[in-house]
Amino acid sequence: MRLAALGRGDKGHGKRYGWTQLPGDCSGGLIAALIALPYGLALASAMGLPPVLGVYTSILTAPAVALLGRNPVLVGGTASATVPFIALAARSQGQGGAAKVSIVASVIMMAFCVMRLGRHITRVPHAVVSGFSCGIRAMMVVAQLDTILGLSSSVSRTAGSAVAQLATILDHLRETRAVPLLLGLR
């Protein structure tokens with residue numbers, strides 16, 4: 001998404017943005033949207049929020065990042081790093097609590113941006129970042145497992161944590177329906 005470079009020139013190469021780059025940028029934006037929408041749905045569901053909020057987040061953040069961002073290839077959207085915190089707030093305080101945590105996280109990120117602290121992420125070991133990302137992905141899979149197996153949504157949604165949710169799903173594994181499982185595996 002090079003729309004952020006419109007009119008300011010590409011600082012990395014000294015070239016100005018032209019109409020010839022627009023079709024490629026639009027197709028890249030479309031591909032990013034096709035990835036961001038289901039990702040936003042999954043993350044909202046993993047946080048215990050209505051999936052439509054993930055759609056709104058995916059749609060509203062992209063133009064803001066394109067217009068305000070300095071990196072021409074940056075794609076904005078829901079961040080998996082906030083899932084455990086927002087999920088806990090949503091579980092204990094509902095959508096209002098999730099909104100509060102999101103706003104505080106946004107303010108902290110803006111402060112980090114102003115202080116230019118992003119470059120220090122390179123000091124975090126790769127194993128830590130990979131392990132955290134794998135944990136978030138596992139939470140997303142567990143959050144969707146009851147749907148994939150065709151179990152009733154209330155079976156695991158009442159569990160307090162991802163581990164409790166997985167235990168509840170395993171207890172109801174014998175109730176798995178074939179058609180949703182085949183569709184989910186496809």
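**Chatting through the model**

Mentor: Let's start with histidine 172, which counts as partly exposed because its relative accessibility is 23%. Keep in mind that this is a predicted model.

Trainee: Okay, and where does histidine 172 lie?

Mentor: You'll find histidine 172 in the loop between α6 (162–171) and α7 (178–185). Its C-alpha is 9.2 Å from that of aspartate 146, and those two residues are 26 apart along the chain.

Trainee: Zooming out, how many helices and strands does the protein chain have?

Mentor: Seven helices and zero strands. Reading from the N terminus, the order is α-α-α-α-α-α-α.

Trainee: And what percentage of the 186 residues count as buried?

Mentor: For the protein chain, that's 26%.

Trainee: Let's look at α1. How many residues does it have, and how far does it reach?

Mentor: Helix α1 covers residues 22–46, so 25 residues, and spans 35 Å from its first C-alpha to its last. That's close to the 36 Å expected at 1.5 Å a residue.

Trainee: Which residues of α1 are buried?

Mentor: Among them are Asp25, Gly29, Ala32, Ala36 and Gly40. Further along, the list includes Ala42, Leu43, Ala44, Ser45 and Ala46.

Trainee: Some of those are three or four places apart. Why would that matter in a helix?

Mentor: An α-helix has 3.6 residues a turn, so residues three or four places apart point the same way.

Trainee: Nice. What comes just after α1?

Mentor: Glycine 48 does, with a positive phi of about 80°. Arginine 116 has a positive phi too, near 55°, and that residue isn't a glycine.

Trainee: Where is arginine 116, and is it buried or exposed?

Mentor: It sits in the loop between α3 and α4. Arginine 116 counts as exposed because its relative accessibility is 52% and the cut-off is over 50%.

Trainee: Which residues gather in the patch of positive charge on the surface?

Mentor: Arg70, Arg116, Arg119 and Arg123. Arginine 119 is also in the loop between α3 (83–114) and α4 (126–149), and at 53% relative accessibility it counts as exposed.

Trainee: Switching topic: which residues form the nonpolar patch on the surface?

Mentor: Val104, Ile108, Met109, Phe112, Val114, Met115 and Leu117, with about 680 Å² of accessible area together.

Trainee: Pick one for me. Where is valine 114?

Mentor: Valine 114 is in helix α3. With 70% relative accessibility, valine 114 counts as exposed.

Definitions and conventions:
Residues are numbered from 1 along each chain as its sequence is written. This is a predicted model: local features need pLDDT of at least 70, side-chain atom pairs count only at pLDDT 80 or more; totals for chains, interfaces and linings use all residues. Side-chain values use heavy atoms; hydrogens and water are left out. Patches are made of residues with over 30% relative accessible area and no salt bridge: like charges are joined within 9 Å, nonpolar side chains (Val, Leu, Ile, Met, Phe, Trp, Tyr) within 5 Å. Accessible areas come from the Shrake-Rupley method with a 1.4 Å probe; for residues, only the protein chains shown count as cover. A salt bridge is a side-chain nitrogen of Lys or Arg within 4 Å of a carboxyl oxygen of Asp or Glu. Lys and Arg count as positive and Asp and Glu as negative; His and the chain ends are not counted. The place of a charge is taken as NZ of Lys, CZ of Arg, CG of Asp or CD of Glu. Helices (H or I, at least four residues) and strands (E, at least two) are DSSP runs, numbered from the N terminus. Buried means under 20% relative accessible area, exposed over 50%, partly exposed in between (1.4 Å probe, protein chains only).
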